[in-house]
Structures are given as C-alpha cells and as structure tokens.
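Me: I'm new to this one. Could you show it to me and let me ask where the labels come from?

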Amino acid sequence: MIALVDVNNFYVSCERVFAPEIKTRPVVVLSNNDGCVIARSNEAKALGITMGKPFFQIEYLIEKENLKVFSSNYTLYGDMSARVMEALSYFSHEVEVYSIDEAFLAFNLEGAEKLEYQTLSDKAWKVKQKIYQWTGLPVSIGIAPNKTLAKIANRFAKQNRLGVFDLTDESLVDSVLKEMPVGDVWGIGYRSALKLRNLGIENAYQLKLLDRRHARKLLTVTGARIVEELSGATCLPLELIPPPKKNICCSRSFGVLVESFSNIKDALDSYLANAGLNMRKNDLTARAVTVFLSTNRFAKTGQYNNSITINLANATNSTRELREWTRKGLKKIFRKGYKYKKVGVILQGLEPETAETIRLFHEKNYQKDKNLMTAMDKIVQKFGRDSITIGIRKKEKSWLMKSERKSQRYTTCLKEILQII
C-alpha cells in the first residue's frame with residue numbers, strides 16, 4: 001500500500017508552531033515582496049481570501065478581522081520540511097519526497113507492527129500523532145493501493161477534516177471517485193480537464209471508465225497510467241532517488257525599482273552565490289549559464305526584458321569563475337534608462353562533478369578555486385548566507401525584497417531561536 005502524507009496549510013502551520021497565540025486566528029503568508037497571498041489558514045479561507053489575492057486588497061482585514069500576516073520565510077519552511085521527512089523515515093524505509101510538504105510512503109504492517117496496529121489506519125493515526133509531537137505540524141494522510149488513489153484519499157481526508165482516510169477498501173473507491181471533479185485528479189491539468197469535459201467526463205469515476213487506447217491518445221502515456229491507477233493498478237512506482245536536476249535558477253523581484261547597473265550587478269552576484277552553493281551541495285557542475293533581466297511587467301510604459309545564454313568551454317561549479325561570465329552577460333543585455341524589477345541566473349547543462357576530472361589535473365587555478373569554494377561553503381554553513389562573499393559588495397542593498405512581516409529563523413539561526421521569558 002501507499003500513503004500520502006501532506007502537511008495542512010504548510011506555510012501557515014510552520015508559523016503557528018512558534019506563535020501558538022495565532023492558532024485560532026485567520027493567518028496568511030505572502031509571496032516575495034509581500035505581493036500576494038500564497039498560503040491561508042482555514043479561518044482565512046472562511047473570510048473569502050483567495051490564493052493569489054493582492055495584499056493591498058485585504059490589508060483592511062488586519063484590524064477588522066484580527067488577520068495575522070507573514071512575509072514568506074523559506075529558510076524556516078525548508079528546515080521544517082526536512083524535519084517532517086526525517087520523521088517519516090521512522091515509519092517506512094521507502095519514502096519519496098514529492099514536494100516541500102508532501103511525501104509518498106510504502107505503507108504496510110510488518111513484523112512487530114502487526115501486534116501493535118490492527119489496521120493501516122491505526123498506523124496512520126500513530127504517524128499523524130508522532131509528526132505533531134515531534135514537529136508541531138498537523139498532517140493529513142491518505143492510504144490506497146497506488147499513488148493516484150493515495151492522492152485522492154488524502155484530498156478526501158483534508159476536505160472532510162478526517163485526518164486519515166483509508167481507500168484500500170475497494171467498495172469505497174467508486175463512491176469517492178464520483179465526488180472528485182476530473183480537474184482535481186492528480187496529473188490532469190487544465191487543458192486535459194477541458195478536453196475530458198468536452199467528452200462529457202466530469203468526475204474521476206467517469207475518467208476511470210475511459211477506454212485505455214483513447215486515454216493514451218488524449219492524455220499521453222502519463223495520463224493513460226493515471227487512468228489505469230484509478231482502476232487499482234500500480235503504474236507509478238515510488239521514486240526513492242530524486243531525478244537529477246536539469247538546471248538551477250535563482251532570481252528575486254526587487255523591493256524597489258532599480259536603475260543602477262551597479263546595484264543590479266550586486267543582486268546578480270548574490271543570486272549566483274546561492275545558485276552555486278546549491279549546485280555544489282548536489283555535487284554538480286554547469287556547462288552553460290543564462291542571465292535574464294526584466295522591468296515591471298505591469299507597468300504601462302518603459303517595458304524591457306532580455307536574456308543571454310553563455311556556453312562554457314569547460315563544466316564548472318566555481319562561483320568565482322561563473323561570476324566572470326554572468327557579469328559579461330549582464331553588460332550585454334543591460335540598457336540604461338529603464339527601471340528594472342527583476343534579475344536572475346540559471347545554471348544549465350548540469351552534470352555530475354566527476355565529469356570534470358580531466359580538467360582538475362590540468363588547471364592549477366581551477367583546483368585553487370575548488371579549495372576556495374569548499375572553504376567558503378563551510379563558512380556559509382556555519383555562519384549563514386552573506387557571511388562571506390567574493391570581492392566587494394555594497395552594504396546598502398536597496399534591491400532586496402520587501403519582507404516587512406517576516407518571522408524569525410527559529411530553527412536555523414542561534415540568534416533568532418525562540419525565547420521564553
């Protein structure tokens with residue numbers, strides 16, 4: 001059997017762990033630059049706050065409805081996610097981390113568990129209780145014979161606030177599928193749902209009955225596998241080893257519009273440092289780098305956006321070496337007279353670091369670079385990002401994102417650890 005464990009309202013729940021006084025208040029988390037709503041508590045949903053709602057349109061609710069608003073704190077969310085995934089490994093040796101707040105588990109009763117739990121639901125309730133005890137985060141769990149049905153079981157558990165829902169009983173499957181709109185089935189996108197509705201297929205049960213050859217033609221191979229899984233077959237195995245990354249992107253919208261090339265260059269250097277650190281953590285090197293730049297796409301005038309891709313003669317994961325190319329790229333696409341909203345970098349053509357062995361033995365400078373990167377990464381790991389940089393960077397960072405309502409990094413920064421007085 002497969003279990004899908006999903007943290008309820010993940011970003012909001014992370015904030016509530018360290019602020020128990022807001023557990024019954026409406027809470028929202030905002031996107032980069034405090035632009036729009038990306039997470040809501042159930043209380044906020046009850047107020048009619050929708051996903052993507054611009055913050056300025058709901059700001060009046062702070063006083064009227066005692067709404068609590070947070071800027072996104074991805075450092076905290078990433079660490080809390082890692083804690084949940086680590087906790088899940090206690091209950092299954094096969095865990096597929098599907099997203100920051102979801103994981104599939106191979107879920108069966110084995111050995112001593114058969115004496116401790118009478119059913120899989122009993123075990124799921126134990127998992128739910130332990131995750132909350134160890135992390136403070138509430139989860140919903142759906143159990144089924146395959147990943148597609150586990151997704152549906154989890155959704156059913158969450159929508160009906162059941163906590164746990166077991167869909168391993170075949171007599172329940174069809175009734176649940178009839179309640180599931182076809183557009184809400186995992187893997188069925190907007191366009192596919194539109195095609196299916198044009199054929200009169202409105203729910204998951206009707207999709208289950210679709211002819212397999214027609215399903216493959218209409219929905220491609222992946223869609224056909226989803227149809228098979230609705231019938232109880234297993235076509236999508238657990239991915240215990242994450243597929244290798246194809247590229248790494250790092251970009252942010254500026255807190256204010258920026259005209260200065262110097263400020264944009266500083267921002268690009270900062271994003272490249274983060275992307276380079278991520279690449280080295282995964283023991284990868286890049287064969288190409290893309291730099292992109294854009295103005296505010298909502299502005300009525302002064303629109304400009306451009307990008308440039310530079311293919312490298314040798315694969316590298318040296319931030320210092322990559323910085324030379326990103327700066328050259330930025331110079332080529334930068335245009336004076338525009339107010340820029342965003343800059344970013346994409347590391348492409350990623351391949352395992354072992355592929356560069358020949359280069360390591362022929363370039364002493366590159367070996368020095370690798371030693372430098374290793375030393376810098378250790379410093380960053382101990383003291384945090386921006387604790388050390390290459391070259392000189394301005395202390396004033398007018399380009400930083402707006403995060404006026406950001407909570408502390410309770411679990412990763414000793415200076416910001418929760419204090420009880």
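Predicted model: local features only at pLDDT ≥ 70, side-chain atom pairs only at ≥ 80, totals over all residues.

Me: What makes the radius of gyration of the protein chain agree with a compact globule?
Reply: The radius is taken over C-alpha atoms, and the globule rule is 2.2 Å times the number of residues to the power 0.38. For 421 residues that rule gives a value near 22 Å, and the chain has 24 Å, which agrees.

Me: Why is the pair of Phe 261 and Phe 334 called edge-to-face?
Reply: Rings of Phe, Tyr and Trp (its six-membered ring) pair if their centres lie within 6.5 Å; planes under 30 degrees apart count as stacked, over 60 as edge-to-face and the rest as tilted. Here the centres are 5.2 Å apart and the planes stand at 75°, so the pair is edge-to-face.

Me: And what makes Phe 334 buried or exposed?
Reply: Buried means under 20% relative accessible area, exposed over 50%, partly exposed in between (1.4 Å probe, protein chains only). Phe 334 has 12%, so it counts as buried. Phe 261, at 23%, is partly exposed.

Me: Which residues form one aromatic cluster?
Reply: Phe 261, Tyr 304, Phe 334, Tyr 338 and Tyr 340 do.

Notes:
Residues numbered from 1 in each chain as written. Heavy atoms only, no water.
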